[in-house]
Amino acid sequence: MKLARTAKELENAFRTARSEAKAAFGNDEVYIEKYLGTPRHIEIQVFGDGKGRAVHLGERDCSLQRRHQKVLEEAPGPAIDAETRARIGKVCADAVASINYIGAGTIEFLYENGEFFFIEMNTRLQVEHPVTELTTGLDLVELMIRVAAGEELPIRQEDVRIDGWSIEARVYAEDPFRNFLPSTGRLVYYRPPAENEHVRVDTGVYEGGEVSMYYDPMVAKLVTWGEDRDQAIRKMRAALDKFIVRGISTNIAFLSALIAHEKYRTGNISTNTIAEEY
């Protein structure tokens, strides 16, 4: 991606982008889109059963990103009110129904100054789907399996309720104090926080296991739920403090700093927040 603010910059960016794309992908086609200075990344969870029925399960705010990779996600979005949620959610559900889409999907947008700008649709579950599960009470994996097996969606839009607030933090094997260099090695000590009605840990690692260089650096997804956003934040801060990993470096201290940051606590975030503040 190249950013151009003037006609001269546009000419240079166009030529550079074509050259780099040709070298990397063998295709020098370029498309141009509007640049947004301080957007939020908002995504809408949708489901379709291929029989003309579709629903949306509200939005997730995934604005806290580092180098375009999501770090913290939450549902619902702190900048989205009920009226806006219903409006954009209906647009997404209607689009899914119109193509007889089957399964789970996520329609992604940049959101700035009250306007949504379409990015793409991911035709799968997302890493951050647990925050939607905790705020809707629905098992998204079960729903996906049911519609894939040919069943009709067991819920209608009026059945969907948003209850409370949920936050997900991605625990990575990387060293924030060394410019986020990947960290590999044996998990000498691995103690995630205890799970309960407010804390959920999704992971596939174990104490004594090896974190190698060949796979994604995610160690776990730490998810908290609260009756409101403040409580979900407090639960996340407490859970991060209890998450202990030895043998490799992790980003847990970085996640704790993000959660405690004034901009995050007030919901005043964008996709640029981490780059600006850290």
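How many residues does helix 2 have, and how does its reach from first C-alpha to last sit beside the span expected at 1.5 Å a residue? I would like to start there, with the reminder that what we are looking at is a predicted model. Helix 2, residues 82-98, has 17 residues, and from its first C-alpha to its last it reaches 24 Å, which is close to the expected 24 Å.

Let me stay with helix 2 and ask which of its residues are buried. They are Thr84, Arg85, Ile88, Gly89, Cys92, Ala93, Val96 and Ala97, and these buried residues pack against four strands, namely strand 1 (40-49), strand 2 (54-66), strand 4 (102-112) and strand 5 (115-122). Just after the helix comes Asn100, which takes a positive phi of about 55°.

Let me turn to charged pairs.

In one of them, Asp61 forms a salt bridge with Arg40, and the closest N and O atoms are 3.1 Å apart. Asp61 lies in strand 2 and Arg40 in strand 1, so this pair ties together parts that are 21 residues apart in sequence. Are these two partners buried or exposed? Asp61 has a relative accessible area of 2% and is buried, and Arg40, at 12% relative accessibility, counts as buried as well, because the cut-off for that word is under 20%.

Another pair is Glu210 with Arg186, where the closest N and O atoms are again 3.1 Å apart. Here too distant parts of the chain are linked, with Glu210 in strand 12 (residues 210-211) and Arg186 in strand 9 (residues 185-186), 24 residues apart. Arg186 is partly exposed, with a relative accessible area of 46%.

A further salt bridge joins the side chains of Arg191 and Glu207, at 2.4 Å from N to O. Arg191 lies in strand 10 (residues 189-191), while Glu207 lies in the loop between strand 11 (199-203) and strand 12, so the pair ties together parts that are 16 residues apart in sequence. Arg191 counts as partly exposed at 38% relative accessibility, and Glu207 is partly exposed too, with a relative accessible area of 36%.

Besides such pairs there is a network of salt bridges, and the residues linked in it are Glu43, Arg60, Lys70, Glu73, Glu108, Glu128 and Arg170.

Arg67 lies in the loop between strand 2 and strand 3, and it has a positive phi of about 55° although it is not a glycine. Arg67 counts as exposed, at 72% relative accessibility, and its C-alpha is 19 Å from that of Ala24, a residue 43 positions away in sequence.

Asn113, found in the loop between strand 4 and strand 5, likewise has a positive phi, near 55°, in a residue other than glycine. At 73% relative accessibility, Asn113 counts as exposed.

Where does the chain hold a cis peptide bond that I can point to? The bond from Ala75 to Pro76 is cis, with omega near -5°, and Pro76 lies in the loop between strand 3 and helix 2, which brings us back towards the helix I began with.

Which residues make the nonpolar surface patch of about 340 Å²? They are Leu10, Phe14, Val30 and Ile32. Of these, Leu10 lies in helix 1 (residues 7-25), and with a relative accessible area of 39% Leu10 is partly exposed.

Note on methods:
Residues numbered from 1 in each chain as written. Predicted model: local features only at pLDDT ≥ 70, side-chain atom pairs only at ≥ 80, totals over all residues. Heavy atoms only, no water. Patch = residues over 30% accessible without salt bridge, like charges linked within 9 Å, V, L, I, M, F, W, Y side chains within 5 Å. Areas by Shrake-Rupley, 256 points an atom, 1.4 Å probe, with all protein chains shown as cover. Salt bridge = Lys/Arg side-chain N within 4 Å of Asp/Glu carboxyl O. Helix = DSSP H or I, 4+ residues; strand = E, 2+ residues; numbered from the N terminus. Buried < 20%, exposed > 50% of the residue type's maximum accessible area, 1.4 Å probe, protein only. Expected span 1.5 Å × (residues − 1). Contact = heavy atoms within 4.5 Å.
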